[in-house]
Amino acid sequence: CVAFKEHEGEWMKTADRLKDFYKGKYNKYFSKYTRFTHNTVFSLVNLLLPNFIFQQPFIIARPRQPVMFKKLVDGNYQQMDNTTAATIRTAVINYDYKRINAIAEDRKAVQDALFYGFGITKTGYSYETVSEKDHDYIVKDSPFHKRIDPKDFGWHPLATGLDDSTHLVHRILQPRSYLLDNPNIRKSDIEEIEAELPDYYKNKLSNEQKNFLKNYVTICEVHDQENDMLYLFAGEKKNLIMKMENPYDFNGSHFSMIKFAGDNDDFLGLPFMGMIEDEAVAINEIITMIVEHFRKFPGQVFFEHGTIDEDDLERIRTGEQGSIHGVNDISKLQFKAPLQMGQEYFNILALLQNQIDRTLGIPDFQRLTSTTRKSATEASFVQGDATVRRAYFLSLVKDFVLDGVKKVATLEQQFYDEEKEIVASGELHHQTIKFSKRDLEGEYQFDFDIDNMKYVNEAQVNNLNNTLNI
């Protein structure tokens, strides 16, 4: 499949290597002898990710028109107060985005961007139906917002982003029985499909696991963005089993993408962790040398033969800190401290950590083990530099989240036919709100405060409030 040609290049190998680093598997790629692993990639991911996206923000809906009109059942229109319309729209999008756990999927995609260079989510609407005689009854329906594994996402070779890719492909592994239950697919077409697993599954699964998945079929869901069509191709021969028009009202792709950095003329982004890969490996080398130094040149004890017997020698060898030993003549024992280590090791270690800080915008005075002291003026300059970069990256995360929010909001307007009742959260103070799709009509601009995504220490907030009250 042309859409997956990029997956055969260095991009995928780099992503797999960085993910192995995250799991602590550094020595898989380097020397096999005993080494000390300091997992720099793990610590950086768990520092950056909560700073980018920690929790769901409170989303605010602002009407684009000064006056809102609600369409009634009889076809007439009723003028609505802007404030009331915005309150309902705000309550519904916050409720649904939390109910479908969309922010968790956004967080996974942001983490993907640290390794793959980009992260992908997919937004749509799903139904759970029950068939009785000649009718299908919908028993459960809802918008969905899911993270897509970058390995299962394909694009046009000439594309530089989602918007200019004529075709986008989502590769899905599903049981054959799932296809048989789909009323839009002919059973005769499904019977002709040969089971197939993607190559990366074949490489990592055992023969027993492959046998378990023998009834699974690889499906390529092709989004033709030029003609606004969807196609399903299945099996090893890529049989066409379904063709349909785009079922959703929102404009643009079903997918959203987060990319922190990259070439403007290339679809692929630059993985954050790839920017400090060499430094992470070098830190392991330096710390291994430090540990090896202590192993090779530990403290030593010299004694004159006959001064102590074998039992005394064993007690000294196995004695713990604070243990008491009796000898005949202490002057015939000499204790040598471990061989001192040169400061160069620690200087290089500090240099590498500082290089990582500068590359990713993490000032070293934010570390608990800062190696250098800075004046207040110098610290303010560095803090300002880091703040600008962090604000820039957060703005990319915000745009990414809002792209998914807009898609979910459009699906609510399109599919919420029956009246629903929810309990609003956040700034709406648990109001009970009844609504239907008619209450969601109109054009809205969605927004949220970036600080809403950050962790908030409740104790600090309470202390601040108490201070202000005083």
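**Group meeting: a walk through a predicted model**

Let me begin with helix H3, residues 82-99, which has 18 residues and reaches 26 Å from its first C-alpha to its last, close to the 26 Å expected at 1.5 Å a residue. That expected span is 1.5 Å times one less than the number of residues in the helix. Helices (H or I, at least four residues) and strands (E, at least two) are DSSP runs, numbered from the N terminus.

This is a predicted model, in which local features need pLDDT of at least 70 and side-chain atom pairs count only at pLDDT 80 or more, while totals for chains, interfaces and linings use all residues. Residues are numbered from 1 along each chain as its sequence is written, and side-chain values use heavy atoms, with hydrogens and water left out.

On confidence, pLDDT is the predictor's confidence in each residue, from 0 to 100. The protein averages a pLDDT of 80, and 82% of the residues score at least 70.

Returning to H3, its buried residues include Ala85, Ile88, Arg89, Val92 and Tyr97. Buried means under 20% relative accessible area, exposed over 50%, and partly exposed in between (1.4 Å probe, protein chains only). After H3 comes asparagine 101, whose phi is positive, near 55°.

I turn now to charged pairs. The structure holds 14 salt bridges, each a side-chain nitrogen of Lys or Arg within 4 Å of a carboxyl oxygen of Asp or Glu.

In helix H1 (residues 10-22), lysine 13 and glutamate 10 are three residues apart, which means they are separated by about one helical turn. Their side chains meet in a salt bridge at 3.8 Å, N to O. Lysine 13 is partly exposed at 48% relative accessible area, and glutamate 10 is exposed at 53%.

Helix H4 (residues 102-116) holds lysine 108 and glutamate 105, again three residues apart, about one turn of the helix. The closest N and O atoms of their salt bridge are 3.3 Å apart. Is glutamate 105 buried or exposed? Glutamate 105 is buried, with a relative accessible area of 9%, whereas lysine 108 is partly exposed at 43%.

A further salt bridge joins arginine 147 to aspartate 112, at 2.7 Å, N to O. Arginine 147 lies in strand E5 (residues 135-148) and aspartate 112 in helix H4, so the pair ties together parts that are 35 residues apart in sequence. Arginine 147 is partly exposed at 26% relative accessibility, and aspartate 112 is buried at 6%. Elsewhere, Arg62, Lys398 and Asp447 are linked in a network of salt bridges.

Next, asparagine 284, found in helix H9 (residues 277-296). Asparagine 284 counts as buried because its relative accessibility is 6%. Which residues does asparagine 284 contact, leaving aside its neighbours within four places in sequence? They are Tyr26, Phe36, Thr37 and His38.

Valine 67 lies in the loop between strand E1 (60-63) and strand E2 (68-71), and counts as partly exposed at 33% relative accessibility.

Technical notes:
Contact = heavy atoms within 4.5 Å.
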